[in-house]
Amino acid sequence: MTTLPSTNSTTAAAAAWVNPLRDKRDKRLPHIAGPCTVVIFGITGDLARKKLMPAIYDLANRGLLAPTFGLVGFARRDWADQDFATVAYDAVKQYSRTPFRQEVWDRLAEGLAFVPGTFDDEAAFGRLAECLEKLDAERGIDGNHAFYLAIPPEGFPVVCEQLQKSGLACPREGSWSRVVIEKPFGRDLRSARELNAIVNRVFPEESVFRIDHYLGKETVQNILALRFANELYEPIWNANYVDNVQITMAEDIGLAGRASYYDGIGAARDVIQNHLLQLMALTTMEEPIRFSARALKDEKVKILSAVRLAQPFDETTARGQYSAGWQGSEHVRGLFEEEGFSNESTTETFAAITLEIDTRRWAGVPFFLRTGKRLARRVSEIALIFKCAPHLPFDQIMTQGLRHNALVIRIQPDEGITLRFGSKVPGTAMEVRDVNMDFSYSSAFTEDSPEAYERLILDVLLGEASLFPVNEEVELSWQILDPVLEYWAAHGRPESYEPGAWGPSSAFEMLQRMGREWRRP
């Protein structure tokens, strides 16, 4: 391995370095973060190794971090700075999105430091404060610090308390201190409120950044551009034309390695409460008066406040647990064969709910949200299914290949937008069949989309909060979901479903009762 550089540096030497990419304007990430340090708690975990450290390198590689940027790891390991640099180097080499360049790494490595300790160790936080003060002085960072809590939620209170006791949560005048929190944001409304209260006692709400990595995806951000930068769609984006909306996040993998963590959480808490309700809010909210964090928050809060669950729950919700069986050419284990998962558990790996929105724009339109593991394929999408034309001059034979028009926003894996409509089949007979008009990011743009964590980490450092849910949004989301979770908890074990299917039979019956059917991406 290439010899790693020392972490000693002078501000003058750092300031003299110029990234050759700095002068090339990035149309998606045009702003460059000023001098600052990121402290990652949980630096030894998979999130830090596979996502956070590679994303920070990618930002540096794109010229979007100051040359004096600092990165500090905090964990219960007996490491020196050089040990941490080795771990970070290996993570960057293996997982970074952009090509590895030694000169970029050498500059980034000069700002690396490691502080050993546990979350309840006041002395360790004292050492952390000394480390940051030293980096501030050597690298001209001016006391700007972001604390990334890549740890389980039960660790949030003690870390926040220690940051307050050590004075790190209170920046000096002209500087900033911010805290970054990973989901889950609680496990129900009560715990979410308690968590918000704990964090806000230490950090003001404008300094709290709750990461939902889905909101950093290019296609999710494109929802707002599609709706509000085009006159074509807004006139039909309402109950007059839309029959139903389906939001799907499906995975084709099981719980391998995460079973003990997942047991007791489940698909609804893990995905619907955050990812899918945020996608629904962006899809349905009214146009903000400007593209600012506050204006976006106001519109999302208004729409979430108008959401209600369709009832009765035994007809409008569905849940399931995947069984053993064949998924393609592979025989896979069932849920109760996964190591760490209780045989008595009622935790669901598939969840679907039906929502309604009490606004003039969306009154009468059902919203179907579903997520699951071991499904037919990995896909995330938002599908607006339109009503049929009020009069068709064609007979049934002519239109037997025609379904509802649909606008599908593909979030992953093939980012883009598909418009499905009817077209005449070439020939002498009149036959109308579905065709697709397709836009794909990969073919329309030469630039690669940045990873979600790149965008979100940069926004934290810039203080740009547009893509981060505030505590009011989090609490409203739990307020929506809690009644379903309580109903499921009182009604036994979920239905089983085969791997490679699109969920349990109850999920299909849920839509059939309303005269609809799920899209099969």
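Modeller: With a helix pair: Val220, Ile223, Leu224 and Arg227 of H8 meet Leu279, Leu282, Thr283 and Thr284 of H10. Keep in mind that this is a predicted model.

Colleague: How does the contact of H8 with H10 divide by class?

Modeller: Five of its residues are nonpolar, two are polar and one is charged.

Colleague: And at what angle do the axes of H8 and H10 cross?

Modeller: Roughly 15°, and the axes come within 9 Å. H8 covers residues 218-228 and H10 covers residues 266-284. Angles under 35 degrees count as roughly parallel, and H8 and H10 are therefore roughly parallel to each other. The crossing of H8 with H10 is right-handed.

Colleague: How many residues of H8 are buried?

Modeller: Nine of its 11, so H8 is mostly covered. Among the buried residues are Val220, Ile223, Leu224 and Arg227, which are the H8 residues that meet H10. Glu218, Gln221 and Asn222 are also buried.

Colleague: Next pair. How do H11 and H15 cross?

Modeller: Their axes cross at roughly 15° and come within 10 Å. H11 is residues 293-305 and H15 is residues 471-489. H11 and H15 are therefore roughly parallel to each other. Their crossing is left-handed.

Colleague: Which residues make that contact between H11 and H15?

Modeller: From H11, Lys297, Lys300, Val301, Leu304 and Ser305. From H15, Glu472, Glu473, Leu476, Ser477 and Ile480. By class, the contact of H11 with H15 has four charged, four nonpolar and two polar residues.

Colleague: What about H2 and H4, at what angle do they pack?

Modeller: About 115°, with the axes 10 Å apart; H2 is residues 46-61. That makes H2 roughly perpendicular to H4. The crossing of H2 and H4 is right-handed. Ile56, Tyr57, Ala60 and Asn61 of H2 make the contact with Val104, Trp105 and Leu108 of H4.

Colleague: How do the residues of that H2 contact with H4 divide?

Modeller: Six are nonpolar, one is polar and no residue is charged.

Colleague: Staying by H4, where is Arg97 found?

Modeller: In the loop between helix H3 (81-95) and helix H4 (102-109). The C-alpha atoms of Arg97 and Asp58 are 6.5 Å apart, although the two are 39 residues apart in sequence.

Colleague: What does the side chain of Arg97 make a polar contact with?

Modeller: With the side chain of Glu454, at 2.7 Å.

Colleague: And why does Arg97 count as partly exposed?

Modeller: Its relative accessibility is 25%. Buried means under 20% and exposed means over 50%, so a value in between is partly exposed.

Colleague: Changing topic. Which element is Thr317 found in?

Modeller: Strand E9, residues 317-322. Thr317 counts as buried, at 7% relative accessibility.

Colleague: What does its side chain reach, for Thr317?

Modeller: The backbone oxygen of Phe313, at 2.6 Å. The Thr317 side chain also has a polar contact of 3.2 Å with the side chain of Trp488. Setting aside neighbours within four places in sequence, Thr317 is in contact with Ala352, Ile353, Val484, Trp488 and Met510.

Colleague: Now the backbone. Which peptide bond into Pro312 is cis?

Modeller: The one from Gln311 to Pro312, with omega near 0°. Pro312 sits in the loop between strand E8 (307-309) and helix H12 (313-316). The peptide bond from Lys183 to Pro184 is cis too, with omega near 5°. Pro184 is in the loop between strand E5 (177-182) and helix H7 (189-202).

Colleague: What is the phi of Asp142?

Modeller: Positive, about 65°, although Asp142 is not a glycine. Asp142 lies in the loop between helix H5 (122-139) and strand E4 (145-149), and it is partly exposed, with a relative accessible area of 46%.

Colleague: And Arg374, buried or exposed?

Modeller: Buried, at 12% relative accessibility. Arg374 has a positive phi of about 60° although it is not a glycine. Arg374 lies in the loop between strand E13 (367-372) and strand E14 (379-386).

Key:
Residues are numbered from 1 along each chain as its sequence is written. This is a predicted model: local features need pLDDT of at least 70, side-chain atom pairs count only at pLDDT 80 or more; totals for chains, interfaces and linings use all residues. Side-chain values use heavy atoms; hydrogens and water are left out. Helices (H or I, at least four residues) and strands (E, at least two) are DSSP runs, numbered from the N terminus. Buried means under 20% relative accessible area, exposed over 50%, partly exposed in between (1.4 Å probe, protein chains only). A polar contact is a pair of N or O atoms within 3.5 Å; within protein, one must be able to donate a hydrogen and the other to accept it, and residues adjacent in sequence count only if both atoms are side-chain atoms. Axes are lines fitted to C-alpha atoms, for helices over the stretch in contact, and angles run from 0 to 180 degrees between N-to-C directions. Angles under 35 degrees count as roughly parallel, over 145 as roughly antiparallel, 65 to 115 as roughly perpendicular and the rest as oblique. A crossing is left-handed if the near helix is turned anticlockwise from the far one by less than a right angle, and right-handed if clockwise. Contact means heavy atoms within 4.5 Å. Ala, Val, Leu, Ile, Met, Phe, Trp, Tyr, Cys and Pro count as nonpolar, Asp, Glu, Lys and Arg as charged, and the others, Gly among them, as polar.
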